[in-house]
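Here are some notes to read beside the model. They are numbered so that each can be checked separately.

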Amino acid sequence: MVSQEYSFPLENYMSREKFERIREFARDKETPCLILDLEVIRRNYENLRTYLPYATVYYAVKANPDDAVISLLRDLGSCFDVASVYELDQLLRLGVTPDRMSYGNTIKKEKDIAYFYEKGIRLFVTDSMQDLDKISRAAPGSKVFFRLLTEGLGADWPLSKKFGSHPDMARQLIKTAVRFGLEPYGISFHPGSQQRDVGQWSSALTQVAQLFNWARNELKVDLRMINMGGGFPANYIEPTESIQQYAEDIKRFLDNSFGQEWPEKIIIEPGRSMAGDAGVIVTEIVNIARKSLHEHKQWVFLDIGRFGGLIETLDEAIKYPIFFEGKGKAEPIILAGPTCDSMDIMYEKTPYFMPSSARIGDRVYILSTGAYTQSYSSVYFNGFPPLRSYILPEG
Ligand SMILES: *Cc1c(COP(=O)(O)O)cnc(C)c1O
């Protein structure tokens, strides 16, 4: 039987029956592998539609670009936040039409903007003058939205600093976009990924509302769209509010900032919250070691590590729920990966435990690993292949 129940119950993450189905399905698969449960993605999409009915979902493809995930979301009616020509080609191959895509990366080559434009995409993000210049040449007349810098405080995986501009720069960009013959369409921000402080949406929305007012009063430009980014949580060890609670709070923030006059289009770009809980990584214990006779904690080496798809354990930022086979006393462990790189250690400080009966060759299940795992796994570092994935057959 699976343990780790002394620290958190399996039922917080999935039903025991579902877990047994995944375990059974994985039995003849070589480890490590990722098992994806599309039912969870369907439910996540439907929950967002239920709780944020006013928002259009642009799924952030990078979280999990599996063809099956994209096809499912395509059929459910989702739009897509696309970051590269490669993602674009994939989506076109899967029959997603260009009116359902935005080019949401602030860092883009002019020839890539031209490629998006040629394929029919007319919605582009920007946060800098030079980028706006490229868009005006390569995608004339398109809609542009302006990304604001956020601090990412409260996020387990912050995106701060790299993306977005200060509002004073945004004002310059909006002005210039008009001059360039582009259509200033709206304002975006990303509060930071796995954002556990819903108040971060509030401060960002206040800034957005100020920019809307400024554009209307100073430029006679009516901005029409808010893109509230991703940041909604997946279910890891550290607790978060429910999506329902996020939605209620965000609705209140929108009311506070916009009163009766909400912008006509509100976009969200969930990645982690859509795919995270849909994945289970099945891995195997390669070795168990004590570094000294007095060492309290044992080292447990799995056949997956930071390079195999668990890069978000950097700084132990994302703490996945991990379940071991076996039973017995809970023994404290350090968890590390199989590669010959000394940074390939997942958890040294965060308390993880294994049952005293755990042995080399036992399987270990890492839950909530559907987002930012396979798409991050390295290509043949130390010869290890990228993380394989399987779709759980419908039950
Ligand atoms: C990665 C990304 C997202 C997804 O964020 P999550 O926190 O995973 O939901 C959304 N928007 C943009 C622009 C992104 O780069």
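Where does the second largest pocket lie, given the residues that domain 1 and domain 2 give to its lining?

1. Basis. This is a predicted model, in which local features need pLDDT of at least 70 and side-chain atom pairs count only at pLDDT 80 or more, while totals for chains, interfaces and linings use all residues. Residues are numbered from 1 along each chain as its sequence is written, and side-chain values use heavy atoms, with hydrogens and water left out.

2. Domains. The protein is divided into domain 1 (10–35 + 277–391) and domain 2 (65–270); such bounds come from an automatic or database domain assignment. The C-alpha centres of the two domains are 34 Å apart. Across the boundary, 19 residues of domain 1 are in contact with 12 residues of domain 2, where contact means heavy atoms within 4.5 Å. Together the domains bury about 1300 Å², with 59% of it on carbon and sulfur atoms. Buried area here is the accessible area (1.4 Å probe) that two parts lose on being put together, summed over both.

3. Second largest pocket. The second largest pocket lies between domain 1 and domain 2, because both give residues to its lining. Its volume is about 470 Å³. Of the 28 residues that line the second largest pocket, R43, N44, N47, N235 and D277 are the closest to its centre. A pocket, on a 1 Å grid over the protein atoms alone, is an open set of points with protein on both sides within 12 Å along at least five of seven lines; a cavity is a set where a 1.4 Å probe fits but cannot get out; lining residues have an atom within 4 Å of a point. Grid points are joined across faces, edges and corners, and a volume is the space filled by probe spheres set on the points.

4. Its lining. The elements α1 (16–26), β1 (33–36), α2 (38–51), α9 (243–258) and β12 (279–289) each supply at least two residues of the lining of the second largest pocket. The most come from α2, which gives 6 residues. Helices (H or I, at least four residues) and strands (E, at least two) are DSSP runs, numbered from the N terminus. By class, this lining has 13 nonpolar, 10 polar and 5 charged residues. Ala, Val, Leu, Ile, Met, Phe, Trp, Tyr, Cys and Pro count as nonpolar, Asp, Glu, Lys and Arg as charged, and the others, Gly among them, as polar.

5. Largest pocket. The largest pocket holds about 640 Å³ of space. It has 37 lining residues, and the closest to its centre are K62, R147, L159, F163 and H190. Two or more residues of the lining come from each of β3 (79–82), β6 (143–147) and α10 (272–275). The largest pocket also lies between domain 1 and domain 2, since both give residues to its lining.

6. Cavities. A search of the whole structure finds 2 cavities of 30 Å³ or more. The largest cavity has a volume of about 40 Å³, and its lining includes R147, L159, F163 and H190. The second largest cavity has about 30 Å³ of space. Among the residues that line the second largest cavity are N235 and D277.

7. Backbone. Most residues other than glycine have a negative phi, and most peptide bonds are trans. The bond from T31 to P32 is cis, with omega near -5 degrees, and P32 lies in the loop between α1 and β1. K220 has a positive phi, near 55 degrees, and so does Y372, also near 55 degrees. K220 is exposed, at 68% relative accessible area, whereas Y372 is buried, at 8%. Buried means under 20% relative accessible area, exposed over 50%, and partly exposed in between (1.4 Å probe, protein chains only).

8. I391 lies in strand β18 (residues 388–391) and is partly exposed, with a relative accessible area of 31%. Leaving aside neighbours within four places in sequence, I391 is in contact with F25, L36, L38, D66 and A68. I391 and F25 are 366 residues apart in sequence, yet 9.8 Å apart in space, C-alpha to C-alpha.
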